[in-house]
Amino acid sequence: MLPLTFCLPLIKSLSNITSLSFQQNYLSSPLKFFTIQLPLRYNACSNHSEERSHLLASDIILETQDLFKTYFLGKDVQVPALRGVSVTVKRGAFTAIMGPSGSGKSTLMNIIGCLDQPTKGTITIEGIETSRMSRSDLAYVRNKKIGFVFQSFNLLARAHALSNVMLPFVYSDYPKAKRRERAMEVLESVGLADRWSHKPNELSGGQKQRVAIARALVNDPAIILADEPTGNIDSRSGLEIMILLQALNREGMTILCVTHDRFIAEHAEMIINLLDGKISRIEEVKERKDAREELQKLPKEEDIAQ
Ligand SMILES: Nc1ncnc2c1ncn2[C@@H]1O[C@H](COP(=O)(O)OP(=O)(O)OP(=O)(O)O)[C@@H](O)[C@H]1O
Ligand SMILES: [Mg+2]
């Protein structure tokens, strides 16, 4: 059983969830139409208007305070991966996290995503403090609140795309009769309805990542955490993933995206730079890139083939 103090805010926020759909036409992209189901609470911020920033100025979705994470290897070796990280993320923000290899980006994402616990410090997601939760409560919050996208896709090799997207339902109370329909809906939203029966080895890297994004969306998460989502795919497919993430963000989805690539990071609004487990700099992206425009600048596939 979950403690009532934990359940109340969750029930409150889940009660706001209803569906809203939109369509957007991307001329040069295979992701031609997105029909994305999001909680209604995002409706008020369907574009980056003044109204949205006014309405949600104080709406903090995620806060970490003085997070430390030390890994212990045997008795004597300690690896300090995070050394006092405090970040605040507003609902509807698109934030990138950059930093050299080993600077603690994945460690931070894993703690935010309830896959791991900090050694010290607190973390609050939609008002729920997760830093001291039991494993089972953490798994519950992860399933309800977090949509994870990984560099290596993490799809089940033997399951087709639809089964992969339905995987989060195994741990959820989503009505059984509606699961397949919902999974098809999100697959369609990432432009892959016609590939629902394909196994991962029958899909390109970009398509695999789009299946992973559909899986991340299927439970209507509060936040998408993407750890190097474009790291294992070519630049064209990478931009298609960024088109998708920017479209979700325009509809109000909060996105936190780790990347090594400055160009990819500039598709976000803010960049948090990590160095040796600490924040070295937080910068606003002055000239934010639009992934659709960037894709159009790439040479066309048929030109490259000639
Ligand atoms: N499970 C673990 N056990 C021990 N040390 C770990 C573990 N996971 C990460 N580390 C160490 O913690 C530090 C931060 O690792 P982390 O994976 O967070 O870095 P990163 O910024 O994501 O790097 P990359 O860009 O290479 O993915 C590194 O020194 C790493 O070796
Ligand atoms: Mg990493």
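1. In this predicted model, 4 strands form an open sheet in the order β2-β1-β4-β5, with antiparallel pairing; strands are DSSP runs of E of at least two residues, helices are runs of H or I of at least four residues, both numbered from the N terminus, and two strands pair if DSSP finds at least two bridges between them. Strands β2 (77-90) and β5 (128-129) stand at the edges with a single partner strand each, so one side of each is left without a neighbour in the sheet. Within the sheet, β1 (residues 60-73) and β4 (residues 120-125) run antiparallel and are joined by 5 bridges, and Thr64 stands opposite Ile123 in β4.

2. On confidence, the mean pLDDT (the predictor's confidence in each residue, from 0 to 100) of the protein is 83, and 79% of its residues reach 70 or more. Over residues 1-57, however, pLDDT stays under 50, although the model has 82 contacts beyond four places in sequence for this stretch; a contact requires C-beta atoms, placed from the backbone, to lie within 7 Å. Where pLDDT is low, the predicted coordinates should not be read in detail.

3. Helix α3 (residues 105-112) is largely enclosed by the rest of the structure, because 7 of its 8 residues are buried, a class that requires 20 or more other C-beta atoms within 10 Å of a residue's own, these atoms being placed from the backbone. Among the buried residues of α3 are Lys105, Leu108, Met109 and Ile112. The helix is followed by Cys114, whose phi is positive, near 60°.

4. The residues around ligand 1 (C-beta atom, placed from the backbone, within 6 Å of the ligand) include Tyr71, Val79, Gly99, Gly104 and Lys105. While β1, β2 and α3 each supply at least two residues of this shell, α3 gives the most, with 3 residues. By class, the shell has 4 nonpolar, 7 polar and 1 charged residues, where Ala, Val, Leu, Ile, Met, Phe, Trp, Tyr, Cys and Pro count as nonpolar, Asp, Glu, Lys and Arg as charged, and the others, Gly among them, as polar.

5. Thr107 belongs to helix α3 and is also one of the residues around ligand 1. This residue is buried, with 22 other C-beta atoms within 10 Å, and, leaving aside neighbours within four places in sequence, Thr107 is in contact with Lys69, Ala81 and Leu82. Its C-alpha atom is separated by 9.1 Å from that of Pro118, 11 residues apart along the chain.

6. Residues are numbered from 1 along each chain as its sequence is written, while chains are lettered from A and ligands numbered from 1 in the order in which they are written. As this is a predicted model, local features need pLDDT of at least 70 and side-chain atom pairs count only at pLDDT 80 or more, whereas totals for chains, interfaces and linings use all residues.

Key
Two residues are in contact if their C-beta atoms, placed from the backbone, lie within 7 Å. A residue is buried if 20 or more other C-beta atoms lie within 10 Å of its own, exposed if 12 or fewer, and partly exposed in between; C-beta atoms are placed from the backbone.
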